[in-house]
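Please look at the structure shown here, then read on.

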Amino acid sequence: MSIKKKLPLIFCIIVFIILVANNAFHYIRSKNQLLDYNEKEITMITKEVSVQVENTKKGSEYVENILARELRIASVAIKKALPPRYQDVTNEQLKNLAKELRVSHITLLAKTKDDVVGVRSSDPKEINMGTKGWGYWYDAYLQLFALKPVTVQKGLALPYYWSGPMEKASSNPDHIDKWGYYYDGTTNYIIDPYFRDNTVLGYEDRFGPGKVIKNFTKEPGVLEMSVLNPKSFGKKEEVVHLNGNYYTRISAEPIWYGSYKKYSNIAVDSKLVKKAAETNKTQSYKDTIKDKYIMKTFVPVNTKQDQPYVICLVYDYGLIQNELLHELKVHILLSIVIMILVLIISFIFSRSITKPIGYIVEQVNEIAQGNFGKKLHLSRKDELGLLTENVNALSNHLLHYVNDLNHSKKLIEYQAHHDPLTGLTNRRYFQEHLKPIIDEANEKHETVSVLFIDLDRFKHVNDSFGHTKGDELLKIVANRIQSCLPENNHLITRQGGDEFIILMKNLDVNATTAAAEKIINTLKKPYSIAGTELYLGASCGISMYPKHTRNLDTLIIYADMAMYSAKKMGGNRFIVFNEQITKLSQERPRFESRLRKAIENQKIEVHYQPKMNVQTNTIYGAEALLRWTDEELGFVSPEVFIPIAEDTGLIQPLWELVMKKACQQVSEWNSKFQRSLNISVNFSARQFQEPSNMVKQVKNFLQESKLDSKNFEIEITESILLNNSTEIVQSLQSLQDMGISISIDDFGTGYSSLSYLKNLPINTLKIDKSFIQNISENLANTEIPEAIINMARGLHLDVIAEGVETEYQKEFLVAKNCVQMQGYLFSKPLSHDSFEAFLSKWPC
Ligand code: C2E
Ligand code: MG
Ligand code: MG
């Protein structure tokens, strides 16, 4: 749930709880207050009622006394008006007298033997009515007749006179009378005038407690009010039996005043009335009577002289409840209003909090999604303002951090994919990108050429000049390779050490080899390192996708194999992969053993390629070249088996073989044909491993064959000289001293520096056939052969061109003063017999 909803909800719940608690508290308090108030009111009412009752009692006593005095006056008047003997009085006379005196009735009481009897009366019911059983009334009569003062407590006693308390008439209980009794001894009767009913009750009605009670019952909530007599209430009525009448005395009546009727519950009430009177404590209870929820309260009133009584108040308890309910309703209504207000306020409040929070959350989300550096705009001075500032700072930090991270990532990525030395992409990059490049080529039906380049004798540079210089050289090499390639459409990688791989897209074999040649030619140009002019070469293997293979790994292996072949062939060249290379590499062990056998079985022949002097048009010598045609392998080129022989050490027996045969052969030819042919033999680097030994062997071969050392020539490659070993130089020197010529084979492809050549024991420079073959009418690649020729002349060296195939090449060379030549234009390498035949065609 969102804070926006949560806050108002929490507020509402809290306020609701507070309101409910408040309402409950208020309800209970109101209830108690109301009950308290009610109780107080009841106490007040009952107090007032009791006061009223007391007052009216006293009032009625007073009035009763007045009435008693009135009756005495009337009695005196009656005595005067009547004869002293009742026998002389008529009832009629009494009636008239009563009327005249405005009393209700007049009765005359006479004393009999043991009674006081009504003898004459205006009320017939009073006549002959005995009074013996009337208690204190009778006592009062006897005292009056005895002319004694009446000692009865009740009523009013005056001289010769006593007035009885207001009471129900014994002669007729339907009436309430106030009597006066007068006897002064002048008559034989007691004069008894009395007021009846209206006179008595009218007063009671006007001044008695009944009226007060009536007034109180008009008060709201007061349903009934009555004054109860605890002595008789709820008990069996105490009935008086007199003069044939049954009745209850006023003082014995259970309900003195009020209207105990509608909500009567005598069983319960009588107990509480009794308890209230006994304990003098207010009692109350609640009940539903006549569908009304009422509360009855019984308040005892103990008058000192008089009989105690209990005021019973029936209160409409429903009113209290209604009041409470009303109050509760008002409170609930108020609570609802407060709740709505709280809801609105809390909603506004929560909005004022959640709106900026929502804004912050939204913005932080954006930041979390990578929009670092995003700035929040919230100008507040509270915690949210602080939070905004912090978020802004965080966002800013993140931006910097991510920028740094990206920078580092790029750097790491760059470092992971680039060679730190040359800045070229590295092996990892190559491995990752080879497949996509090939896939793309595949899709576009394009080719991919792989050039595997390895520097020739780079180890020597490292060993001689140190790794720092070696590194410098590698940088130059990398730059040179790059300069040979078009800007796009290729990928150059340094695989490690002095190995480079170049991928070129959509080039055919010719374009690829042209590029390879360009690279090789560029790389063989001199390098200036630490003030020294250095010469390096490179071997390059080429494989083509999809021509050679569709397998990526194989594609690279093929380029590597081709490079290896190039290296074996003396380096400084490229070789396009061909089946023979695989075959060779696969069948290398077989080749080896076949070669070994061929040497053992003398199956290797020596062919001779004539060396011509085109100026004199003569054969002046020959180059001994090995030929091997195996029974199983067929013809195997020396370019294939010489590297194997060099690797396996078989080059030594081969060398011995060629030395022996060639020297003997040429020696034979020279003596047979009276010639002075010069024979040149190719020496491998292996021959210079033990130079002094080799010199000895050469001497022996020459001696054995009786070949003049002047007719013997050694062909070595520049790489042998580059070893720069004094031993080698010395051995060459001693050979030269013997009259042997030293020729640098494949000159131009290697690394020779001019200064270098100058100090070496060299006789001839043999221009490499690749330069000669480049000489054509269309192409103008003549600088190198021309330079070599000039250089040789400058160094006073002989110069010979190999691989001369065309007349144009020959003419060119002649024009440049290079007259010694070797090539298919004159002859291919020939067998012993063929050479003899060829020799016979040419003059010495
Ligand atoms: P190389 O010493 O430079 O020999 C010249 C190669 O060029 C020979 O190849 C020869 O047949 C070839 N050649 C001559 N004229 C022409 C021409 O006009 N056009 C073309 N395309 N080629 C021409 P071959 O005999 O296959 O020998 C290849 C290489 O094998 C030699 O190159 C040499 O380095 C090595 N080799 C041959 N015999 C021996 C040997 O007895 N000992 C040593 N160490 N190496 C040998
Ligand atoms: Mg040679
Ligand atoms: Mg050569």
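How much area is buried between domain 1 and domain 2, and what percentage of that area do carbon and sulfur atoms give? The buried area is about 2,100 Å², and carbon and sulfur atoms give 60% of this value. Buried area here is the accessible area (1.4 Å probe) that two parts lose on being put together, summed over both.

The structure is a predicted model, in which local features need pLDDT of at least 70 and side-chain atom pairs count only at pLDDT 80 or more, while totals for chains, interfaces and linings use all residues. Residues are numbered from 1 along each chain as its sequence is written, chains are lettered from A and ligands numbered from 1 in the order in which they are written, and side-chain values use heavy atoms, with hydrogens and water left out.

**Domains and their contact**

The domain assignment, which is automatic or taken from a database, gives domain 1 (3-204), domain 2 (217-316), domain 3 (419-577) and domain 4 (599-839). Between domain 1 and domain 2, the C-alpha centres are 18 Å apart. Their contact (heavy atoms within 4.5 Å) involves 25 residues of domain 1 and 26 residues of domain 2. Ile42, Lys57 and Lys168 supply 23% of the area that domain 1 buries against domain 2, more than any other three residues.

Two salt bridges are counted between domain 1 and domain 2; the term denotes a side-chain nitrogen of Lys or Arg within 4 Å of a carboxyl oxygen of Asp or Glu. Glu253 and Lys168 form a salt bridge through their side chains, at 2.9 Å from N to O. On the side of domain 1 that touches domain 2, α1 (3-81) and β5 (167-168) each supply at least two residues. Helices (H or I, at least four residues) and strands (E, at least two) are DSSP runs, numbered from the N terminus. The largest share of that side, ten residues, belongs to α1.

**Salt bridges in the whole structure**

The whole structure contains 36 salt bridges. In one of them, the side chains of Lys296 and Asp269 meet at 2.5 Å, N to O. This pair links distant parts of the chain, with Lys296 in strand β14 (residues 292-301) and Asp269 in helix α6 (residues 266-279), 27 residues apart.

**Surroundings of ligand 1**

Ligand 1 is surrounded by 23 residues (a heavy atom within 4 Å). The closest are Gln609, Glu623, Asp745, Glu805 and Tyr824.

| Side chain | Ligand 1 atom | Distance |
|---|---|---|
| Asp745 | oxygen | 2.8 Å |
| Lys769 | oxygen | 3.3 Å |
| Glu805 | nitrogen | 2.5 Å |

**Backbone features**

Most residues other than glycine have a negative phi, and most peptide bonds are trans. Tyr545 and Pro546 are joined by a cis peptide bond, with omega of about 0°. Pro546 is in the loop between β22 (537-545) and α13 (552-568). Arg457, although not a glycine, has a positive phi of about 60°. The loop between β17 (448-456) and α10 (458-465) holds Arg457.

Methods
A polar contact is a pair of N or O atoms within 3.5 Å; within protein, one must be able to donate a hydrogen and the other to accept it, and residues adjacent in sequence count only if both atoms are side-chain atoms.
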